[in-house]
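Dear colleague,

Please find below the structure that I am handing over to you. My findings follow after it.

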Amino acid sequence: MHFSQFFRLADVMARMALRADATKFFLGYIWWVIEPLLYVAVLYVVFSVILSNRQPDFLFFLMVGKFAYTWFAKSVIQASNSIVAGKGLIGKVNVPKTLFPLASVQEGLYKQVAVFSLLFAVLIYGGYQVTVTWVYVLPVILVNYIMILACAYLGATLVCIVRDFAPLISLGMIFLMFSSGIFWDARDLGDPDKTALLLAVNPLAFIFDAYRQALMYATPPDMLHLFAIGAVFAGLLGIMVLIMRRASQYLALRALTE
Amino acid sequence: MNAVDHKLMMELRDVSLTFHSGRKSYDHGKHHVLHELSLKVYEGETLGIIGRNGVGKTTMLRIMAGILAPNSGQVIIAPGKSASLLTLGLGFKPELSGRDNALLAAMLQGSTHGEAEVFLEEIKAFSELEDSFELPVKNYSAGMRARLGFTTALMTHVDILLIDEVLGVGDAHFRGKAQAALRERITSDQTVVFVSHMADQVKAMCDRVIWLEHGKIAMEGEADKVVDAYQDEITAARKQGALERRDKDKPTKSAP
(Lines give C-alpha, C1' and ligand atoms only; values in the text may rest on other atoms or scores of the structure.)
Protein backbone atom coordinates (compact mmCIF):
# COMPACT_ATOMS: atom_id res chain seq x y z
CA MET A 1 0.00 0.00 0.00
CA HIS A 2 1.32 3.39 -1.05
CA PHE A 3 2.05 5.78 1.83
CA SER A 4 -0.44 8.44 0.71
CA GLN A 5 -3.14 5.77 0.32
CA PHE A 6 -2.27 4.34 3.73
CA PHE A 7 -2.46 7.77 5.36
CA ARG A 8 -5.72 8.61 3.60
CA LEU A 9 -7.22 5.31 4.79
CA ALA A 10 -6.23 6.05 8.40
CA ASP A 11 -7.72 9.53 7.98
CA VAL A 12 -11.02 8.13 6.63
CA MET A 13 -11.14 5.51 9.42
CA ALA A 14 -10.62 8.24 12.02
CA ARG A 15 -13.30 10.52 10.54
CA MET A 16 -15.76 7.64 10.27
CA ALA A 17 -15.12 6.63 13.88
CA LEU A 18 -15.69 10.23 15.02
CA ARG A 19 -18.88 10.50 12.99
CA ALA A 20 -20.14 7.17 14.33
CA ASP A 21 -19.30 8.25 17.89
CA ALA A 22 -21.05 11.59 17.52
CA THR A 23 -24.31 9.93 16.48
CA LYS A 24 -24.39 7.90 19.69
CA PHE A 25 -24.87 10.95 21.93
CA PHE A 26 -27.55 13.59 21.99
CA LEU A 27 -24.89 16.31 22.25
CA GLY A 28 -22.81 14.74 19.48
CA TYR A 29 -19.67 16.65 18.55
CA ILE A 30 -20.12 19.09 21.47
CA TRP A 31 -18.76 16.30 23.71
CA TRP A 32 -15.32 16.91 22.21
CA VAL A 33 -15.04 20.08 24.29
CA ILE A 34 -17.47 19.30 27.12
CA GLU A 35 -15.49 16.28 28.26
CA PRO A 36 -12.12 18.03 28.80
CA LEU A 37 -13.91 20.99 30.39
CA LEU A 38 -15.60 18.66 32.86
CA TYR A 39 -12.24 17.11 33.73
CA VAL A 40 -10.83 20.56 34.39
CA ALA A 41 -13.89 21.44 36.48
CA VAL A 42 -13.40 18.33 38.64
CA LEU A 43 -9.71 19.08 39.25
CA TYR A 44 -10.49 22.75 39.90
CA VAL A 45 -13.04 21.88 42.57
CA VAL A 46 -10.59 19.50 44.26
CA PHE A 47 -7.50 21.69 44.20
CA SER A 48 -8.87 25.19 44.33
CA VAL A 49 -11.99 24.81 46.46
CA ILE A 50 -11.21 21.84 48.71
CA LEU A 51 -7.41 22.12 48.96
CA SER A 52 -7.43 25.97 48.72
CA ASN A 53 -4.80 26.43 46.04
CA ARG A 54 -3.82 30.13 46.10
CA GLN A 55 -2.19 30.32 42.63
CA PRO A 56 -3.92 33.33 40.96
CA ASP A 57 -4.11 31.91 37.43
CA PHE A 58 -4.75 28.34 38.56
CA LEU A 59 -7.76 27.69 36.31
CA PHE A 60 -5.82 28.59 33.15
CA PHE A 61 -2.72 26.80 34.42
CA LEU A 62 -4.82 23.68 34.98
CA MET A 63 -6.53 23.92 31.60
CA VAL A 64 -3.28 24.05 29.62
CA GLY A 65 -1.80 21.05 31.42
CA LYS A 66 -4.95 18.98 31.60
CA PHE A 67 -5.96 19.49 27.96
CA ALA A 68 -2.51 18.44 26.74
CA TYR A 69 -2.40 15.48 29.16
CA THR A 70 -5.86 14.23 28.16
CA TRP A 71 -4.86 14.33 24.51
CA PHE A 72 -1.80 12.20 25.25
CA ALA A 73 -3.41 9.74 27.66
CA LYS A 74 -6.66 9.09 25.80
CA SER A 75 -4.93 8.71 22.44
CA VAL A 76 -2.32 6.28 23.77
CA ILE A 77 -4.83 4.18 25.72
CA GLN A 78 -7.25 3.95 22.81
CA ALA A 79 -4.50 3.25 20.28
CA SER A 80 -2.99 0.56 22.52
CA ASN A 81 -6.17 -1.48 22.18
CA SER A 82 -6.65 -0.68 18.52
CA ILE A 83 -5.00 -3.73 16.92
CA VAL A 84 -6.89 -6.11 19.19
CA ALA A 85 -10.12 -4.18 18.54
CA GLY A 86 -9.48 -4.44 14.81
CA LYS A 87 -9.13 -8.21 14.77
CA GLY A 88 -12.35 -8.59 12.78
CA LEU A 89 -10.68 -6.69 9.96
CA ILE A 90 -7.28 -8.25 10.52
CA GLY A 91 -8.69 -11.73 9.88
CA LYS A 92 -10.02 -10.62 6.53
CA VAL A 93 -7.58 -8.21 4.92
CA ASN A 94 -3.83 -7.99 4.90
CA VAL A 95 -3.39 -4.36 5.98
CA PRO A 96 -0.36 -2.89 7.74
CA LYS A 97 -0.94 -3.14 11.50
CA THR A 98 0.35 0.42 11.91
CA LEU A 99 -2.95 1.50 10.37
CA PHE A 100 -4.99 0.83 13.51
CA PRO A 101 -3.02 2.91 16.06
CA LEU A 102 -2.56 5.66 13.46
CA ALA A 103 -6.33 5.86 12.92
CA SER A 104 -6.85 6.11 16.71
CA VAL A 105 -4.22 8.83 17.02
CA GLN A 106 -5.75 10.80 14.13
CA GLU A 107 -9.13 10.54 15.85
CA GLY A 108 -7.59 12.15 18.93
CA LEU A 109 -5.80 14.77 16.84
CA TYR A 110 -8.98 15.97 15.11
CA LYS A 111 -10.73 16.28 18.46
CA GLN A 112 -7.73 18.12 19.86
CA VAL A 113 -7.99 20.80 17.16
CA ALA A 114 -11.33 21.74 18.72
CA VAL A 115 -9.94 21.49 22.26
CA PHE A 116 -6.91 23.69 21.55
CA SER A 117 -9.10 26.22 19.73
CA LEU A 118 -11.24 26.40 22.86
CA LEU A 119 -8.12 26.74 25.01
CA PHE A 120 -6.75 29.65 22.95
CA ALA A 121 -10.15 31.35 23.04
CA VAL A 122 -10.41 30.94 26.82
CA LEU A 123 -6.87 32.28 27.34
CA ILE A 124 -7.54 35.35 25.19
CA TYR A 125 -10.88 35.89 26.91
CA GLY A 126 -9.10 35.50 30.25
CA GLY A 127 -6.82 38.45 29.43
CA TYR A 128 -3.69 36.70 28.12
CA GLN A 129 -1.93 38.64 25.35
CA VAL A 130 -1.31 36.87 22.06
CA THR A 131 2.45 37.37 21.77
CA VAL A 132 5.10 36.16 19.36
CA THR A 133 5.93 33.35 21.81
CA TRP A 134 2.55 31.74 20.99
CA VAL A 135 4.22 30.60 17.76
CA TYR A 136 6.39 28.28 19.87
CA VAL A 137 3.26 26.27 20.60
CA LEU A 138 3.45 24.84 17.07
CA PRO A 139 6.73 22.90 17.53
CA VAL A 140 5.51 21.87 21.01
CA ILE A 141 2.32 20.44 19.50
CA LEU A 142 4.37 18.67 16.82
CA VAL A 143 6.67 17.03 19.37
CA ASN A 144 3.66 16.14 21.52
CA TYR A 145 2.07 14.46 18.48
CA ILE A 146 5.25 12.48 17.71
CA MET A 147 5.34 11.32 21.35
CA ILE A 148 1.72 10.19 21.15
CA LEU A 149 2.28 8.30 17.90
CA ALA A 150 5.44 6.55 19.13
CA CYS A 151 3.80 5.51 22.43
CA ALA A 152 0.65 4.46 20.55
CA TYR A 153 2.64 2.12 18.27
CA LEU A 154 4.59 0.69 21.19
CA GLY A 155 1.44 0.22 23.30
CA ALA A 156 -0.56 -1.35 20.45
CA THR A 157 2.22 -3.85 19.74
CA LEU A 158 2.64 -4.81 23.40
CA VAL A 159 -1.10 -5.22 24.02
CA CYS A 160 -1.48 -7.28 20.85
CA ILE A 161 1.27 -9.67 21.97
CA VAL A 162 0.24 -9.87 25.64
CA ARG A 163 -3.18 -8.46 26.59
CA ASP A 164 -2.02 -7.86 30.20
CA PHE A 165 -0.20 -4.72 29.07
CA ALA A 166 -3.55 -2.92 28.66
CA PRO A 167 -4.24 -2.41 32.40
CA LEU A 168 -0.56 -1.57 32.95
CA ILE A 169 -0.74 1.18 30.34
CA SER A 170 -3.86 2.64 31.98
CA LEU A 171 -2.09 2.58 35.34
CA GLY A 172 0.97 4.20 33.77
CA MET A 173 -1.23 7.05 32.54
CA ILE A 174 -2.51 7.68 36.07
CA PHE A 175 1.08 7.75 37.28
CA LEU A 176 1.94 10.28 34.57
CA MET A 177 -1.06 12.40 35.52
CA PHE A 178 0.27 12.76 39.05
CA SER A 179 3.95 13.05 38.14
CA SER A 180 3.93 15.45 35.18
CA GLY A 181 2.91 18.74 36.78
CA ILE A 182 -0.69 19.06 35.68
CA PHE A 183 -2.20 20.46 38.89
CA TRP A 184 1.11 21.49 40.45
CA ASP A 185 3.87 23.58 38.95
CA ALA A 186 7.09 21.80 38.01
CA ARG A 187 8.89 25.14 38.58
CA ASP A 188 7.52 25.56 42.08
CA LEU A 189 9.01 22.54 43.82
CA GLY A 190 11.14 24.68 46.16
CA ASP A 191 14.35 23.22 44.81
CA PRO A 192 15.69 24.21 41.32
CA ASP A 193 17.65 20.94 41.09
CA LYS A 194 14.49 18.93 41.59
CA THR A 195 12.74 20.95 38.85
CA ALA A 196 15.66 20.42 36.48
CA LEU A 197 15.68 16.69 37.21
CA LEU A 198 11.93 16.33 36.71
CA LEU A 199 11.99 18.20 33.39
CA ALA A 200 14.97 16.13 32.26
CA VAL A 201 13.56 12.70 33.07
CA ASN A 202 9.87 13.22 32.38
CA PRO A 203 9.35 14.48 28.82
CA LEU A 204 5.64 15.01 29.46
CA ALA A 205 6.41 17.37 32.34
CA PHE A 206 8.70 19.31 30.00
CA ILE A 207 6.02 19.46 27.28
CA PHE A 208 3.27 20.67 29.65
CA ASP A 209 5.65 23.28 31.04
CA ALA A 210 6.61 24.36 27.51
CA TYR A 211 2.94 24.94 26.59
CA ARG A 212 2.54 27.15 29.67
CA GLN A 213 5.77 29.04 29.11
CA ALA A 214 4.76 29.89 25.56
CA LEU A 215 1.08 30.62 26.12
CA MET A 216 0.93 32.11 29.63
CA TYR A 217 4.36 33.48 30.51
CA ALA A 218 5.58 34.79 27.11
CA THR A 219 8.76 32.72 27.39
CA PRO A 220 10.08 30.53 24.56
CA PRO A 221 10.66 26.91 25.66
CA ASP A 222 14.13 25.37 25.69
CA MET A 223 14.21 24.51 21.98
CA LEU A 224 17.23 22.23 22.21
CA HIS A 225 15.52 20.16 24.89
CA LEU A 226 12.32 20.10 22.83
CA PHE A 227 14.25 19.00 19.75
CA ALA A 228 15.99 16.25 21.73
CA ILE A 229 12.64 14.88 22.95
CA GLY A 230 11.29 15.04 19.41
CA ALA A 231 14.34 13.18 18.06
CA VAL A 232 14.16 10.42 20.68
CA PHE A 233 10.47 9.77 20.10
CA ALA A 234 10.86 10.02 16.31
CA GLY A 235 13.56 7.36 16.64
CA LEU A 236 11.26 5.16 18.72
CA LEU A 237 8.51 5.69 16.15
CA GLY A 238 10.83 4.63 13.32
CA ILE A 239 11.88 1.50 15.19
CA MET A 240 8.25 0.61 15.97
CA VAL A 241 7.22 1.04 12.31
CA LEU A 242 10.01 -1.32 11.25
CA ILE A 243 9.11 -3.89 13.91
CA MET A 244 5.40 -3.74 13.12
CA ARG A 245 6.07 -4.13 9.41
CA ARG A 246 8.33 -7.12 9.88
CA ALA A 247 6.05 -8.73 12.45
CA SER A 248 2.80 -7.97 10.62
CA GLN A 249 1.70 -11.61 10.25
CA TYR A 250 2.84 -12.48 13.76
CA LEU A 251 0.74 -9.62 15.13
CA ALA A 252 -2.21 -10.85 13.06
CA LEU A 253 -1.81 -14.35 14.55
CA ARG A 254 -1.64 -12.91 18.08
CA ALA A 255 -4.68 -10.70 17.48
CA LEU A 256 -6.68 -13.63 16.08
CA THR A 257 -5.70 -16.42 18.44
CA GLU A 258 -4.99 -14.96 21.88
CA MET B 1 -9.43 -27.55 -18.12
CA ASN B 2 -5.94 -28.84 -18.27
CA ALA B 3 -4.09 -27.15 -15.46
CA VAL B 4 -0.68 -28.01 -16.84
CA ASP B 5 -1.17 -25.63 -19.77
CA HIS B 6 -1.73 -22.75 -17.42
CA LYS B 7 0.61 -20.42 -15.68
CA LEU B 8 1.26 -21.04 -12.02
CA MET B 9 -0.28 -18.25 -9.93
CA MET B 10 0.49 -19.44 -6.43
CA GLU B 11 2.19 -22.32 -4.76
CA LEU B 12 2.22 -23.48 -1.16
CA ARG B 13 5.27 -25.61 -0.45
CA ASP B 14 5.30 -27.74 2.72
CA VAL B 15 3.36 -25.12 4.61
CA SER B 16 2.81 -25.77 8.32
CA LEU B 17 1.17 -23.61 10.92
CA THR B 18 1.07 -24.22 14.64
CA PHE B 19 0.04 -21.73 17.28
CA HIS B 20 -0.65 -21.45 20.95
CA SER B 21 -4.03 -20.04 21.78
CA GLY B 22 -4.50 -17.98 24.89
CA ARG B 23 -5.75 -19.13 28.24
CA LYS B 24 -8.93 -17.17 27.72
CA SER B 25 -10.07 -19.20 24.71
CA TYR B 26 -12.01 -22.41 25.31
CA ASP B 27 -9.49 -24.54 23.40
CA HIS B 28 -6.28 -23.12 24.76
CA GLY B 29 -3.03 -24.91 24.12
CA LYS B 30 -1.00 -25.84 21.09
CA HIS B 31 -2.79 -26.15 17.76
CA HIS B 32 -1.44 -27.80 14.65
CA VAL B 33 -3.55 -26.29 11.95
CA LEU B 34 -1.67 -27.15 8.79
CA HIS B 35 0.90 -29.93 8.28
CA GLU B 36 3.34 -29.64 5.42
CA LEU B 37 0.64 -28.73 2.99
CA SER B 38 1.66 -28.34 -0.67
CA LEU B 39 -0.59 -27.18 -3.47
CA LYS B 40 -0.59 -25.17 -6.67
CA VAL B 41 -3.09 -22.67 -8.01
CA TYR B 42 -3.10 -22.04 -11.78
CA GLU B 43 -4.16 -18.96 -13.67
CA GLY B 44 -7.86 -18.81 -14.52
CA GLU B 45 -8.89 -21.96 -12.65
CA THR B 46 -11.40 -22.30 -9.86
CA LEU B 47 -9.89 -24.45 -7.17
CA GLY B 48 -12.32 -25.83 -4.62
CA ILE B 49 -11.32 -26.67 -1.07
CA ILE B 50 -13.62 -28.96 0.90
CA GLY B 51 -13.32 -30.44 4.34
CA ARG B 52 -15.04 -30.55 7.70
CA ASN B 53 -15.16 -27.63 10.09
CA GLY B 54 -11.87 -26.98 11.81
CA VAL B 55 -9.55 -28.71 9.33
CA GLY B 56 -7.74 -25.48 8.51
CA LYS B 57 -9.61 -24.20 5.45
CA THR B 58 -9.94 -20.61 6.67
CA THR B 59 -6.37 -20.61 8.00
CA MET B 60 -5.13 -21.78 4.61
CA LEU B 61 -6.99 -18.95 2.87
CA ARG B 62 -5.53 -16.47 5.37
CA ILE B 63 -2.04 -17.72 4.55
CA MET B 64 -2.79 -17.38 0.83
CA ALA B 65 -4.01 -13.82 1.42
CA GLY B 66 -0.81 -12.96 3.29
CA ILE B 67 -2.72 -12.28 6.51
CA LEU B 68 -0.88 -15.06 8.35
CA ALA B 69 2.57 -16.47 7.73
CA PRO B 70 3.36 -20.19 8.04
CA ASN B 71 5.82 -21.40 10.71
CA SER B 72 7.62 -23.36 8.02
CA GLY B 73 7.35 -23.83 4.29
CA GLN B 74 6.99 -21.29 1.53
CA VAL B 75 4.18 -19.33 -0.04
CA ILE B 76 5.14 -18.41 -3.58
CA ILE B 77 3.03 -16.00 -5.57
CA ALA B 78 3.63 -15.07 -9.22
CA PRO B 79 5.43 -11.72 -9.48
CA GLY B 80 3.12 -8.70 -9.45
CA LYS B 81 0.04 -10.78 -8.54
CA SER B 82 -2.16 -10.23 -5.53
CA ALA B 83 -4.55 -12.41 -3.58
CA SER B 84 -7.29 -11.38 -1.20
CA LEU B 85 -10.33 -12.69 0.55
CA LEU B 86 -13.80 -11.85 -0.63
CA THR B 87 -15.27 -10.50 2.57
CA LEU B 88 -18.78 -9.42 3.41
CA GLY B 89 -19.42 -6.31 5.45
CA LEU B 90 -15.81 -5.40 6.02
CA GLY B 91 -15.58 -3.25 9.14
CA PHE B 92 -19.20 -2.15 9.02
CA LYS B 93 -20.19 0.52 11.53
CA PRO B 94 -23.93 0.45 12.20
CA GLU B 95 -24.14 4.19 12.96
CA LEU B 96 -22.81 5.16 9.54
CA SER B 97 -24.62 5.26 6.23
CA GLY B 98 -24.36 2.55 3.61
CA ARG B 99 -22.33 5.00 1.52
CA ASP B 100 -19.76 5.68 4.26
CA ASN B 101 -19.44 1.98 5.03
CA ALA B 102 -19.01 1.10 1.37
CA LEU B 103 -16.32 3.78 1.01
CA LEU B 104 -14.42 2.41 3.99
CA ALA B 105 -14.76 -1.19 2.81
CA ALA B 106 -13.55 -0.35 -0.69
CA MET B 107 -10.51 1.50 0.70
CA LEU B 108 -9.69 -1.35 3.07
CA GLN B 109 -9.74 -3.64 0.06
CA GLY B 110 -7.03 -1.56 -1.53
CA SER B 111 -8.84 1.10 -3.56
CA THR B 112 -7.67 4.68 -3.44
CA HIS B 113 -10.15 7.28 -2.22
CA GLY B 114 -10.82 8.35 -5.82
CA GLU B 115 -11.42 4.81 -7.07
CA ALA B 116 -13.67 4.08 -4.10
CA GLU B 117 -15.81 7.15 -4.92
CA VAL B 118 -16.38 5.72 -8.41
CA PHE B 119 -17.32 2.29 -7.02
CA LEU B 120 -19.89 3.88 -4.71
CA GLU B 121 -22.31 4.58 -7.56
CA GLU B 122 -21.88 1.02 -8.88
CA ILE B 123 -22.46 -0.35 -5.38
CA LYS B 124 -25.57 1.78 -4.94
CA ALA B 125 -26.99 0.57 -8.27
CA PHE B 126 -26.17 -3.13 -7.90
CA SER B 127 -27.31 -3.40 -4.28
CA GLU B 128 -30.67 -1.80 -5.19
CA LEU B 129 -30.59 0.07 -1.89
CA GLU B 130 -31.59 3.36 -3.57
CA ASP B 131 -32.28 6.09 -1.00
CA SER B 132 -31.51 3.75 1.90
CA PHE B 133 -27.88 3.89 0.77
CA GLU B 134 -27.67 7.25 2.56
CA LEU B 135 -29.22 5.96 5.81
CA PRO B 136 -27.38 4.43 8.76
CA VAL B 137 -26.80 0.70 8.41
CA LYS B 138 -28.39 0.09 11.83
CA ASN B 139 -31.77 0.85 10.20
CA TYR B 140 -31.24 -1.84 7.55
CA SER B 141 -33.01 -5.18 7.49
CA ALA B 142 -30.81 -8.28 7.46
CA GLY B 143 -31.47 -8.59 3.73
CA MET B 144 -30.38 -5.02 3.06
CA ARG B 145 -27.18 -5.51 5.04
CA ALA B 146 -26.44 -8.64 3.08
CA ARG B 147 -26.94 -6.76 -0.19
CA LEU B 148 -24.56 -4.03 0.86
CA GLY B 149 -22.01 -6.53 2.17
CA PHE B 150 -22.08 -8.68 -0.93
CA THR B 151 -21.93 -5.76 -3.34
CA THR B 152 -18.98 -4.07 -1.63
CA ALA B 153 -17.18 -7.42 -1.51
CA LEU B 154 -17.75 -7.95 -5.22
CA MET B 155 -15.83 -4.74 -5.89
CA THR B 156 -12.59 -6.44 -4.84
CA HIS B 157 -10.31 -6.48 -7.85
CA VAL B 158 -7.47 -8.93 -7.35
CA ASP B 159 -5.64 -11.55 -9.37
CA ILE B 160 -6.49 -14.41 -7.03
CA LEU B 161 -9.88 -14.19 -5.36
CA LEU B 162 -10.23 -16.25 -2.19
CA ILE B 163 -13.82 -17.06 -1.24
CA ASP B 164 -14.86 -18.45 2.13
CA GLU B 165 -18.49 -19.61 1.91
CA VAL B 166 -20.52 -16.54 1.17
CA LEU B 167 -23.16 -17.58 -1.26
CA GLY B 168 -26.26 -17.75 0.92
CA VAL B 169 -26.94 -14.02 1.12
CA GLY B 170 -30.09 -11.95 1.33
CA ASP B 171 -33.60 -12.54 0.11
CA ALA B 172 -34.44 -14.93 -2.74
CA HIS B 173 -34.43 -12.28 -5.47
CA PHE B 174 -31.07 -10.83 -4.48
CA ARG B 175 -29.56 -14.24 -3.78
CA GLY B 176 -30.24 -15.23 -7.40
CA LYS B 177 -28.65 -12.05 -8.66
CA ALA B 178 -25.67 -12.39 -6.29
CA GLN B 179 -25.04 -15.99 -7.26
CA ALA B 180 -25.23 -15.11 -10.94
CA ALA B 181 -22.74 -12.26 -10.49
CA LEU B 182 -20.39 -14.45 -8.52
CA ARG B 183 -20.70 -17.31 -10.99
CA GLU B 184 -19.90 -14.91 -13.81
CA ARG B 185 -16.81 -13.78 -11.92
CA ILE B 186 -15.76 -17.34 -11.15
CA THR B 187 -16.27 -18.73 -14.65
CA SER B 188 -14.45 -15.78 -16.22
CA ASP B 189 -10.66 -15.62 -16.35
CA GLN B 190 -10.54 -14.84 -12.65
CA THR B 191 -8.39 -17.21 -10.62
CA VAL B 192 -10.46 -18.35 -7.66
CA VAL B 193 -9.89 -20.45 -4.58
CA PHE B 194 -13.28 -21.39 -3.21
CA VAL B 195 -13.81 -22.89 0.21
CA SER B 196 -17.11 -24.55 1.02
CA HIS B 197 -18.70 -27.58 2.53
CA MET B 198 -21.66 -27.38 0.19
CA ALA B 199 -20.87 -30.22 -2.19
CA ASP B 200 -23.22 -29.19 -4.98
CA GLN B 201 -21.83 -25.68 -5.18
CA VAL B 202 -18.29 -26.97 -5.30
CA LYS B 203 -19.15 -29.45 -8.05
CA ALA B 204 -20.92 -26.80 -10.08
CA MET B 205 -18.26 -24.12 -9.83
CA CYS B 206 -14.86 -25.74 -9.46
CA ASP B 207 -12.49 -27.22 -12.01
CA ARG B 208 -10.35 -28.98 -9.48
CA VAL B 209 -10.94 -29.81 -5.83
CA ILE B 210 -8.72 -30.44 -2.83
CA TRP B 211 -10.09 -32.28 0.18
CA LEU B 212 -8.46 -31.21 3.44
CA GLU B 213 -8.38 -33.46 6.47
CA HIS B 214 -6.42 -32.70 9.67
CA GLY B 215 -4.42 -29.97 7.96
CA LYS B 216 -3.29 -32.25 5.15
CA ILE B 217 -4.52 -33.04 1.67
CA ALA B 218 -6.63 -36.20 1.77
CA MET B 219 -7.40 -36.15 -1.94
CA GLU B 220 -6.91 -33.90 -4.94
CA GLY B 221 -8.30 -34.03 -8.46
CA GLU B 222 -11.37 -33.54 -10.63
CA ALA B 223 -14.27 -31.91 -8.83
CA ASP B 224 -16.79 -34.75 -9.21
CA LYS B 225 -14.45 -37.50 -8.06
CA VAL B 226 -13.13 -35.68 -5.01
CA VAL B 227 -16.52 -34.37 -3.88
CA ASP B 228 -18.11 -37.81 -4.24
CA ALA B 229 -15.31 -39.45 -2.26
CA TYR B 230 -15.64 -36.77 0.44
CA GLN B 231 -19.40 -37.27 0.67
CA ASP B 232 -18.99 -41.05 0.91
CA GLU B 233 -16.55 -40.57 3.76
CA ILE B 234 -18.87 -38.16 5.57
CA THR B 235 -21.81 -40.55 5.21
CA ALA B 236 -19.69 -43.45 6.45
CA ALA B 237 -18.45 -41.41 9.41
CA ARG B 238 -22.01 -40.44 10.31
CA LYS B 239 -23.11 -44.08 10.24
CA GLN B 240 -20.12 -45.05 12.35
CA GLY B 241 -20.94 -42.27 14.81
CA ALA B 242 -24.55 -43.41 15.05
CA LEU B 243 -23.44 -46.99 15.69
CA GLU B 244 -21.05 -45.89 18.42
CA ARG B 245 -23.73 -43.79 20.08
CA ARG B 246 -26.13 -46.77 19.96
CA ASP B 247 -23.49 -49.00 21.57
CA LYS B 248 -22.88 -46.43 24.28
CA ASP B 249 -26.59 -46.21 25.10
CA LYS B 250 -26.83 -50.01 25.60
CA PRO B 251 -27.11 -50.97 29.27
CA THR B 252 -23.73 -52.24 30.49
CA LYS B 253 -23.02 -54.60 33.34
CA SER B 254 -22.09 -52.76 36.49
CA ALA B 255 -18.54 -53.17 37.70
CA PRO B 256 -17.97 -55.60 40.55
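Is the crossing of H2(B) and H3(B) right-handed or left-handed? The crossing of these two helices of chain B is right-handed. Please bear in mind that this is a predicted model.

**Helices H2 and H3 of chain B**

Helix H2 of chain B covers residues 98-108 and helix H3 of chain B covers residues 113-127; their axes come within 9 Å and cross at roughly 130°. H2(B) and H3(B) are therefore oblique to each other. On the side of H2(B), the residues in contact are B:Arg99, B:Ala102, B:Leu103, B:Ala106 and B:Met107. Their counterparts in H3(B) include B:His113, B:Ala116, B:Phe119, B:Leu120 and B:Ile123. By class, the contact of H2(B) with H3(B) has 8 nonpolar, 1 polar and 4 charged residues.

**Helix H1 of chain A against H2 of chain B**

H2(B) also meets a helix of chain A: the axes of H1(A) and H2(B) come within 10 Å and cross at roughly 155°. Since angles over 145 degrees count as roughly antiparallel, H1(A) is roughly antiparallel to H2(B). The crossing of H1(A) and H2(B) is left-handed. From H1(A), the contact is made by A:Arg8, A:Leu9, A:Val12, A:Met13, A:Met16 and A:Arg19, and from H2(B) by B:Asp100, B:Leu103, B:Leu104, B:Met107 and B:Leu108. These residues divide into 8 nonpolar, no polar and 3 charged.

One residue of this contact may be followed further. A:Met16 lies in helix H1 (residues 3-24) of chain A. With a relative accessibility of 4%, A:Met16 counts as buried, because the cut-off is under 20%. Leaving aside residues up to four places away in sequence, A:Met16 touches B:Lys93, B:Leu96, B:Asp100, B:Leu103 and B:Leu104. Within its own chain, A:Met16 is 92 residues along from A:Gly108, and the C-alpha atoms of the two are separated by 13 Å.

**Helix H8 of chain A**

Helix H8 of chain A (residues 165-179) has 15 residues, which at 1.5 Å a residue should span 21 Å; its end C-alpha atoms are 20 Å apart, in agreement with that value. Its buried residues are A:Ala166, A:Ile169, A:Met173, A:Leu176, A:Met177 and A:Ser179. The buried residues of H8(A) pack against helices H3 (58-80), H7 (137-161), H9 (192-201) and H10 (203-215) of chain A. Just after H8(A), A:Gly181 takes a positive phi of about 70°.

Yours sincerely

Note on methods
Residues are numbered from 1 along each chain as its sequence is written. Chains are lettered from A and ligands numbered from 1 in the order in which they are written. This is a predicted model: local features need pLDDT of at least 70, side-chain atom pairs count only at pLDDT 80 or more; totals for chains, interfaces and linings use all residues. Side-chain values use heavy atoms; hydrogens and water are left out. Axes are lines fitted to C-alpha atoms, for helices over the stretch in contact, and angles run from 0 to 180 degrees between N-to-C directions. Helices (H or I, at least four residues) and strands (E, at least two) are DSSP runs, numbered from the N terminus. Angles under 35 degrees count as roughly parallel, over 145 as roughly antiparallel, 65 to 115 as roughly perpendicular and the rest as oblique. A crossing is left-handed if the near helix is turned anticlockwise from the far one by less than a right angle, and right-handed if clockwise. Contact means heavy atoms within 4.5 Å. Ala, Val, Leu, Ile, Met, Phe, Trp, Tyr, Cys and Pro count as nonpolar, Asp, Glu, Lys and Arg as charged, and the others, Gly among them, as polar. The expected span of a helix is 1.5 Å times one less than its number of residues. Buried means under 20% relative accessible area, exposed over 50%, partly exposed in between (1.4 Å probe, protein chains only).
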